[in-house]
Amino acid sequence: METVEYEKYIDSWLSSLLRLLKPTASIYICGDWKSSSAIYNVMSKYFIIRNRITWEREKGRGALSNWKNCIEDIWYGTVSKEYHFDVDSVKLKRKVVAPYKDKDGNPKDWIDSEEGAFRITHPSNIWTDITIPYWSMAENTEHPTQKPEKLLAKIILASSKAGDLVFDPFLGSGTTSVVAKKLHRNYCGIEIDNYYACLAEKRLDIANDDKTIQGYHDGVFWERNSLGAQKRIKANDDHHIYGNSTLFEQFAGSMR
Ligand SMILES: C[S@@+](CC[C@H](N)C(=O)[O-])C[C@H]1O[C@@H](n2cnc3c(N)ncnc32)[C@H](O)[C@@H]1O
């Protein structure tokens, strides 16, 4: 589709969404490099553009006579100057390459833990810590352009509060609603394809019991290739939970 045609298409649905949004609402629209400028042109007509996030989604088809296409732009805007942004909920846990210590030998701005040396950093507008859902990941479905739960978790945590309503008019396999549910937000989505809508329903059902989001643990986002350290922390956590439940059972037993 030519850029002008594509802009008309975006305008046809974006303009009618406006009346649904609160004055304090935020909006995120994702597209690849070809559609990015059209998204910006239309979105800036109706919203205050706050940033362009570039997501390096890593996997992409190699090209012989061009650069491999492996980024997506996520345009972030708000309806007005009054909006919610919770930076503390989207901090990133990174391994420290050169652990600097102060004159007393204490870690300077990093944490020394059993799992290694880590720094909690502010999130930037380049996201390199999120892969697309691979076949081996529990969240993966047959939807061809499914977004990772970790990506939606960042957006939803930063720009909404528990109990807020998250709306996705192109829901696909349901990622936005599933993550909203896991993070205790209300959700509403529209999907034109019956089969994808069923995938979304199934995932929402699973989310009744499973609230985990791969790559997001203990209130922080982990960088890529840190699964080993995440598993060690989870193993420690499970051990603690087991310890607590044993205590609870002993206590309950003594009341009988
Ligand atoms: C890019 S995909 C969304 C993928 C989704 N974020 C996920 O994680 O699965 C866009 C979806 O919008 C749906 N769609 C396209 N036109 C639509 C329309 N007019 N109304 C509702 N859904 C539509 C498509 O069927 C497709 O599943």
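**Exercise 1. State what share of the protein's residues is buried, and how the protein is built up in secondary structure.**

Solution. Buried residues account for 26% of the 256 residues in the protein. The structure is a predicted model. Its secondary structure consists of six helices and 11 strands. Next, take the contacts between residues at least 6 apart in sequence: 64% of them join residues at least 24 apart.

**Exercise 2. Find the buried residues of helix α2 and name elements that cover them.**

Solution. Step one is to locate the helix: α2 spans residues 33–46. Step two is to pick out its buried residues, which include Ala38, Ile39, Val42 and Met43. Step three is to look at the cover. Among the elements over the buried residues of α2 are helix α1 (3–17) and the strands β1 (26–31), β2 (48–56) and β3 (71–78).

**Exercise 3. Decide whether Ser12 and Asp88 are buried or exposed.**

Solution. Start with Ser12, which belongs to helix α1. Within 10 Å, Ser12 has 10 other C-beta atoms. A residue counts as exposed if that number is 12 or fewer, so Ser12 is exposed. The C-alpha atom of Ser12 is 10.0 Å from that of Val42, and the two residues are 30 apart along the chain. Val42 is one of the buried residues of α2.

Now take Asp88, in the loop between β3 and β4 (92–95). Asp88 has 11 C-beta neighbours inside 10 Å and therefore counts as exposed. Along the chain, Asp88 and Val220 are 132 residues apart, yet 8.9 Å separates their C-alpha atoms.

**Exercise 4. Describe how helices α3 and α4 cross, and which residues meet there.**

Solution. First, identify the pair: α3 covers residues 149–159 and α4 covers residues 175–182. Their axes come within 9 Å and cross at roughly 60°. Second, classify the angle. Roughly parallel requires an angle under 35 degrees, and roughly perpendicular begins at 65; α3 and α4 are therefore oblique to each other. Fourth, list the contact. From α3 come Glu149, Leu152, Ala153 and Ile156, and they meet Thr175, Thr176, Val178, Val179 and Ala180 of α4. Sorted by class, this contact holds six nonpolar, two polar and one charged residues.

**Exercise 5. Describe the residues around the ligand.**

Solution. There are 13 residues around the ligand, and those that come nearest are Phe170, Gly172, Ser173, Thr175 and Ile192. By class, the shell has four nonpolar, six polar and three charged residues. Thr175 also takes part in the contact of α4 with α3.

Terms used. Residues are numbered from 1 along each chain as its sequence is written. This is a predicted model: local features need pLDDT of at least 70, side-chain atom pairs count only at pLDDT 80 or more; totals for chains, interfaces and linings use all residues. Axes are lines fitted to C-alpha atoms, for helices over the stretch in contact, and angles run from 0 to 180 degrees between N-to-C directions. Helices (H or I, at least four residues) and strands (E, at least two) are DSSP runs, numbered from the N terminus. Angles under 35 degrees count as roughly parallel, over 145 as roughly antiparallel, 65 to 115 as roughly perpendicular and the rest as oblique. Two residues are in contact if their C-beta atoms, placed from the backbone, lie within 7 Å. Ala, Val, Leu, Ile, Met, Phe, Trp, Tyr, Cys and Pro count as nonpolar, Asp, Glu, Lys and Arg as charged, and the others, Gly among them, as polar. A residue is near a molecule or strand if its C-beta atom, placed from the backbone, lies within 6 Å of it. A residue is buried if 20 or more other C-beta atoms lie within 10 Å of its own, exposed if 12 or fewer, and partly exposed in between; C-beta atoms are placed from the backbone.
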